Amino acid sequence: MEELERPWRLGPRGRWWFDVLLAGSLFLIIPFYAIQVMLDGGAARDVDSTSHVADLVLVVVQLVPLLWRRRHPVIVYAVVAGACGLQVLLIDYPLVSQVSYPIAVYSVARYARPRWGLAALAVGLFGSVLGTHDWMSSVDSSSAGEPQDGINWSTYVPVALSLATFPVAAWALGALARTRAAYVDSLIQRNEQLRREAEQRAELGATQERARIAREMHDVVAHGLSVIVVQADGARYAAEQDPTLAPKALETVAQTAREALTEMRQLLGLLRDGDALTRPQPRLGDIATLVEETRAGGMDLTATLPEPGLAVPEGIALTAFRVVQESLSNVRKHAGPGAAAKVTVTAGSGSLEIEVVDDGRGAAADARESGGLGLVGMEERITAHNGTLETGPAPGGGFRVYARLPLI
């Protein structure tokens, strides 16, 4: 799964340097007020040095806390807001360092919980009204020579709205940034979850594919080697009794070995790089060929098979073929010499039924108890197609394998 491209963000070090540069650029205001204190004049405003000392203290208190605005946004806001409140009480003119207040509001809305952001917005709106009243009263007094009775609303309201614009805009930008960061984080988290789920599905698919290949390998090897062993024993016996029968038995051994080798190469190709050979998988009609090969190997075998050309799903057909193949391999290995077997494959009523019964001693040597994987693989195949499997002693002796595979 393609990994989601992460949005560009400042790292911890980058955020630290940004805050230092932001506060540092604002700190340039401090030397201005320090110079005013040293000059002990203040001719521009006609105030004494005590006022300039108060200005300097307020400027420092308003600007320095911005260095910690990300880690402690609420505390920083409280300090900056308190300094701005003292400014209203102590002096009657604005300071350039008041720009720290909207920055503090933005920091609370961005990095603190939403309720703290709303509280900072409310305080900012109240401070806008309070500051407008204080400064407008001072302006009216200085212009008229004495305090004015009443409020000049035509001037008061626009000024208050103008001042309120700063905390509102700062809060809106902070809340928007916090919402966007949360949305991006959720997308990244979702992408990570999808990636982990995709990896788990791929791992599960690989495990299932390895199990399927292991079943195929077991069926191919078990069937091929059982036929080879039987034919090799027959060839050895024929060489001693009737040498003319040995070539035919050896030809069967060679043919079976070639077929098994071809199928093993196909399966090994899947294991290597997925580039398997193009030989088709066995179909339902190949059961007849399997029966003939088994008879040629010397087993007394009767078969009742469906009409040639019966259309069933490829997976069902392969499973039916492997069930018959494994069952006949178990007859050769466990039923004992001279055992006869019967294969019945019928289709109808929405299902395919396979039954393999022998009259040997297979019931006393169950393949499960012998440590083999034949019946286990058989059950896995049939369960994958929602079928049922029954194995056990047959009535009257021998062993019976019965499988039912739904066709719908």
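Tyr77 is buried in this predicted model, with a relative accessible area of 9%; buried stands for under 20% relative accessible area, exposed for over 50%, and partly exposed for values in between (1.4 Å probe, protein chains only). Tyr101, at 12% relative accessibility, also counts as buried. The rings of these residues have centres 5.6 Å apart and planes at 45°, so the pair is tilted. Tyr77 belongs to helix α4 and Tyr101 to helix α5 (residues 100-111), so the pair ties together parts that are 24 residues apart in sequence. Helices (H or I, at least four residues) and strands (E, at least two) are DSSP runs numbered from the N terminus.

Because the model is predicted, local features need pLDDT of at least 70 and side-chain atom pairs count only at pLDDT 80 or more, whereas totals for chains, interfaces and linings use all residues. Residues are numbered from 1 along each chain as its sequence is written, and side-chain values use heavy atoms, without hydrogens and water.

Helix α4 covers residues 73-90, 18 residues, and spans 25 Å between its first and last C-alpha, close to the 26 Å expected at 1.5 Å a residue; the expected span is 1.5 Å times one less than the number of residues. Its buried residues are Pro73, Val76, Tyr77, Val80, Ala81, Ala83, Cys84, Gln87 and Val88.

In helix α9 (residues 286-296), Ile287, Leu290, Val291 and Thr294 are buried. These cover an arc of only 100° around the axis, which puts them on the same side of α9. Gly298 follows α9 and has a positive phi, near 105°.

The largest nonpolar core has 30 residues, of which Leu284, Ile287, Val324, Leu328, Val345 and Ile354 touch the most other members. A nonpolar core is a set of buried Ala, Val, Leu, Ile, Met, Phe, Trp, Tyr and Cys residues joined through side-chain atoms within 4.5 Å. Two or more residues come from each of α9, α10 (314-334), β2 (340-348), β3 (351-358), α11 (374-384) and β5, and α10 gives the most, with eight. Apart from neighbours within four places in sequence, Val324 is in contact (heavy atoms within 4.5 Å) with Ile287, Leu290, Val343, Val345, Ile354 and Val356. A second, separate core of 20 residues includes Tyr93, Tyr101, Ala112 and Ala170.

Two loop residues are exposed. Asn386, in the loop between α11 and β4, has a relative accessible area of 66% and a positive phi, near 60°, in a residue other than glycine. Pro395, in the loop between β4 (388-393) and β5 (399-406), is exposed at 79% relative accessibility.

Overall, the protein has 11 helices and five strands, and buried residues make up 37% of its 408 residues.

Technical notes:
Arc of directions from axis to C-beta. Phe/Tyr/Trp six-rings, centres within 6.5 Å; stacked < 30°, edge-to-face > 60°.
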